[in-house]
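Reader: Hey, I'm new to this one. Can you walk me through it?

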Amino acid sequence: MSLLRSALAPLARNSRSFVSSPISRTTTEVPPGYKHMQVKAGRFNLEDGKPVFIKGGTLDSILYKLTMGACVGAVVWDLILYYELAQR
């Protein structure tokens, strides 16, 4: 056990150098991709009463309505199937 402990002791002492890196940027400028992401996130963080999955625009609204229609259609189809199977 002491052999294992002595072998792992240097790793434990220097583990901080393995998992962290020095600060590479000293300036406070923000990358352009981050600025673009902030603009997009601002559109989704508005309090307009819409859920986040519809805030993407017209296409998101159409896809949501198609999905809900398919779900309702599947439930009706299942109920018809159960009714027909119960008649046999």
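This is a predicted model: local features need pLDDT of at least 70, side-chain atom pairs count only at pLDDT 80 or more; totals for chains, interfaces and linings use all residues.

Reader: OK, and where is L81 found?

Author: L81 sits in helix α4, which covers residues 58–87.

Reader: Is L81 buried, exposed or partly exposed?

Author: L81 is partly exposed, as its relative accessible area is 38%. A residue needs over 30% to be part of a patch, so L81 can count.

Reader: Zooming out, how many helices and strands are there in the chain?

Author: The chain has four helices and zero strands. Going along the sequence, the pattern reads α-α-α-α.

Reader: Switching topic: how many salt bridges does a search of the whole structure find?

Author: One. The side chains of D48 and K55 form a salt bridge, at 3.6 Å from N to O.

Reader: Why can side chains pair like that?

Author: Side chains of opposite charge can pair when their charged atoms come close.

Reader: Are those two, K55 and D48, buried or partly exposed?

Author: K55 is buried, at 13% relative accessible area, and that is because buried means under 20%. D48 is partly exposed, with a relative accessible area of 41%.

Methods: Residues are numbered from 1 along each chain as its sequence is written. Side-chain values use heavy atoms; hydrogens and water are left out. Helices (H or I, at least four residues) and strands (E, at least two) are DSSP runs, numbered from the N terminus. Buried means under 20% relative accessible area, exposed over 50%, partly exposed in between (1.4 Å probe, protein chains only). A salt bridge is a side-chain nitrogen of Lys or Arg within 4 Å of a carboxyl oxygen of Asp or Glu.
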